[in-house]
Amino acid sequence: MLYTILKAVHIIFMVSYFAGIFYLVRLFVYYKDTDEFEETKRKILREQYVFMTRRLWNIITVPAGIIMLVTGLTMIFLNFGLMRTPWFHLKLTFLIGLAAYHYWCWKKVLQIKNLEGNILPIENIKLRQANEIATFILFLVVFTVILKSMVIEYWWQLIVGFIVLVGLIMATVKLVNKNKKN
């Protein structure tokens, strides 16, 4: 019973964490979008985006990530047999990617906070593409957890499908943003 409750809590906070990460990078995009605004409007919006970014990071994203991590580690402790399954090793590999993305987001939160309203030195399209990385990681983790050993058995079909998905999403981002300035 405890394991099932932990799994439910883990899933709830995984959803909260990803909601925070998705919106966080969108706030970076919004901040960057103000580059061409007139001074007063840019200043007001950037102050608001910095405020929203810090609150989202400190009140939703990081606490949800910590609870997700603690419940995940507790489930591993309660069912250590997971560590002997290849699909779980694959999931952990994707979670290392998520940790790297989390670190990148944290560095951007600090960077925006310290810019004092100045221009964020990254191309707009790069931020928009980076916004999709969490989506890719979410797809990888969910498919791995749901399909378990079938992920290992049908690995090449899943890789092809994933590459097509990534290509479609990236092409859509470029198409939707083709007329925007960097």
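Predicted model: local features only at pLDDT ≥ 70, side-chain atom pairs only at ≥ 80, totals over all residues.

Residues are numbered from 1 along each chain as its sequence is written, and side-chain values use heavy atoms, with hydrogens and water left out.

**Exercise 1.** Determine how the axes of helices H3 and H5 are oriented to each other, and which residues meet.

Helices are DSSP runs of H or I with at least four residues, numbered from the N terminus. Axes are lines fitted to C-alpha atoms over the stretch in contact, with angles from 0 to 180 degrees between N-to-C directions. For H3 (residues 86–114) and H5 (residues 133–147), the axes come within 9 Å and cross at roughly 165 degrees. The two helices are therefore roughly antiparallel, a term for angles over 145 degrees. Contact means heavy atoms within 4.5 Å, and on this basis Trp87, Leu90, Lys91, Phe94, Leu95, Gly97, Leu98 and Tyr101 of H3 meet Ile133, Ala134, Ile137, Leu140, Val141, Thr144 and Val145 of H5. By class, this contact has 12 nonpolar, 2 polar and 1 charged residues, where Ala, Val, Leu, Ile, Met, Phe, Trp, Tyr, Cys and Pro count as nonpolar, Asp, Glu, Lys and Arg as charged, and the others, Gly among them, as polar.

**Exercise 2.** Decide whether histidine 10 is buried or exposed, and list what it contacts.

Histidine 10 lies in helix H1 (residues 2–33). Its relative accessibility is 14%, so histidine 10 counts as buried (buried is under 20% relative accessible area, exposed over 50%, partly exposed in between, with a 1.4 Å probe and protein chains only). Apart from neighbours within four places in sequence, histidine 10 is in contact with Met68, Thr71, Gly72, Met75 and Lys91.

**Exercise 3.** Classify the ring pair of tyrosine 17 and phenylalanine 18, and then that of tyrosine 103 and tryptophan 106.

Rings of Phe, Tyr and Trp (its six-membered ring) pair if their centres lie within 6.5 Å, and planes under 30 degrees apart count as stacked, over 60 as edge-to-face and the rest as tilted. The count comes to 9 aromatic pairs. For tyrosine 17 and phenylalanine 18, the centres are 5.7 Å apart and the planes at 85 degrees, so the pair is edge-to-face. Tyrosine 103 and tryptophan 106 lie 5.7 Å centre to centre with 50 degrees between the planes, a tilted pair.

Notes: Parallel < 35°, antiparallel > 145°, perpendicular 65-115°, else oblique.
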